[in-house]
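I opened this entry to record what I looked up, beginning with the overall fold of one chain and ending with the confidence values.

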Amino acid sequence: MQRCKLLKCASAVAANNTPFIDREEKARTLCGKCMTIVLTDARVAQVTKLIIVVAMLGWCAPTPAHHVLGRPAYSLNEDSNTPPSMQVEVQIGEYLISYMVFPAFPRPNVPGRINLYAYHLDTDEPLTGKVTFKVREDGWFADSEEEVIGTQLPDDNVYRQGFVFKEDGNYIITAAFEADNTPYLVDFPLPVGNTTPIGLLGVVIAILGAVLLGVSIAQRKRLARAKVRTARQADTLDARSSNDMGEL
Amino acid sequence: MVEYRNQFALIWRHLNKVRWLILSLVFSLLVLLPFVHVYQTYLAAHAYDLLAPGERQLYDVMEALTAPFVDDPAEDLDALKGSTWSGRLFGLKLSDPLAAASQLAAGLTFYSPFLLTALIPLLATLVLGRFYCGWLCPATLLYELNTNLGILLNWFGLRTGMRRFDRRLKYAVLALGLVACTVSGSVLVATVYPPAILGREFYYAAAHGGLGVGALFFLATLLFDLLVSRRAFCRYLCPGGALYSILGRYRVLRIQRDVSACNDCTKCSAICEFDLNPLRDGFGQECNNCTACIAVCPTNALSFRWRVTDIPNQGSGHLSPRYRREQQSQGPTRGEA
């Protein structure tokens, strides 16, 4: 006689019945009594695991993700080291300028930061002089008056300029510096808060285009007739010849 | 020949509608792609909660538009990227031949990975001619709408321009553009090439919320077309049009006139946006196979043929009164002979 090795069962079973519970295939329990207990336990264990996993997922869900599945999240404040909302590289004169804006989604009344890097194209030496940052509104009918935000010296080869905007809008940041007795002025865009990517002008153009497209489809035969009539009236048809095809 | 014509006439007559559909689709995609790109950056940032109301609207709209087509938008939407100047279409990198030529001129180096991206468009142009201008160019849709606007203005009594210039002007623009690329080391041609301008400007609008100076240039070309001559920029100034015309000079597929079915109504020549003369078999290398002439032909006399050259002027259409008069006048002479 052997005893079932399961703690909850521990019944005596016949010798030819191996009271061994295969952990991989729990149904192989041979004592009968034991099998019921094992299956029940397995289900309880599975349900318990499921509850734990769901609870963990539920707990994890609202967590701000910085690196989820290998994808870097954008910076959430001006001091984040994660990618900025915007990174622009521009070559001007003898310098290669990189410009970044933190946080990823600048908001009114929320501190933000501009990082500017300037390296000489030939020598790869960083710029060492002062850089003055100015700002103005962007737009065809916007106020073009510039305001100086600050003048910065490099800190570890980075020019850092903080900002706080009070209103939503599209702004232009101008970085001004002088190198080798040459003045440099570089403009960068900076959208703050709720800015529309299309704008009033875009909406007007889109509506005009849609109306014109609609008319072109609905009135296509009349338009074709009018096109033919116009060409005939203009008497350009006779002016064309098969030899005048602009061949090289 | 008559049987051949009748067999495909129905298809060819409706190709112009298909072309408009394709142009609209390409244009819509070009407008949509920058916004899709912005949506992808929001997705990658897991930033929905951080978005401003306007940005959330954009996110929601893009999500609704793309959800039926992709499972993982952040990854799957990478299938379409760029513009008609140079982009990626389901893993296939494609570039405008002008992009390749100007890059070659600017860099003076044979960078095969980029140049190979222009191979498929190049081969297609060799077969189909200047089809890009008529079937794919996003600016063409706007230029054709602009032509229609001109006609609408004519209805209201406002005259639009009908001047004619030398078509060879655009080859000079192409040559100058490539020389400028070489001298400057920069792809300057793209600054005066409407499809490249449109692609750029849509990205500017989506990413920076504004338009660049290219938009003003494009507006100027629309006004030029309206006030000076119909499709003037494409016909006389477009460097891409010039390159496509040269490449398509010996295109294999071309429109030809069946003189036995032609009644000399002149509609084909009148409708041609490029001011060509299908009525007298004058297609040349400028023809972009737009099929507008086929669509307007009342006797189905125009159709596609596999030929590397145009048929020389076949004279008056056999269904025209002029041809009958010519026949009547020649008849007795031949009889006497």
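I began with contacts in chain B (two residues are in contact if their C-beta atoms, placed from the backbone, lie within 7 Å), and I noted that 71% of those with a separation of 6 or more are between residues 24 or more positions apart. The model is predicted, so I kept in mind that local features need pLDDT of at least 70 and side-chain atom pairs count only at pLDDT 80 or more, while totals for chains, interfaces and linings use all residues. Residues are numbered from 1 along each chain as its sequence is written, and chains are lettered from A and ligands numbered from 1 in the order in which they are written.

For chain B I recorded 16 helices and 5 strands, taken as DSSP runs numbered from the N terminus (helices H or I, at least four residues; strands E, at least two). Its C-alpha trace spans about 95 × 45 × 45 Å along the principal axes, and 44% of its 337 residues count as buried.

I then looked up Ala224(A), which lies in helix 3 (residues 220-234) of chain A. Beyond its neighbours within four places in sequence, Ala224(A) is in contact with Ile271(B) and Val296(B).

Last came pLDDT, the predictor's confidence in each residue, from 0 to 100: chain A has a mean of 74, and 63% of its residues reach 70 or more. Over residues 241-248 of chain A the pLDDT is below 50. Where pLDDT is low, the predicted coordinates should not be read in detail.

Terms used: Buried ≥ 20, exposed ≤ 12 C-beta atoms within 10 Å, placed from the backbone.
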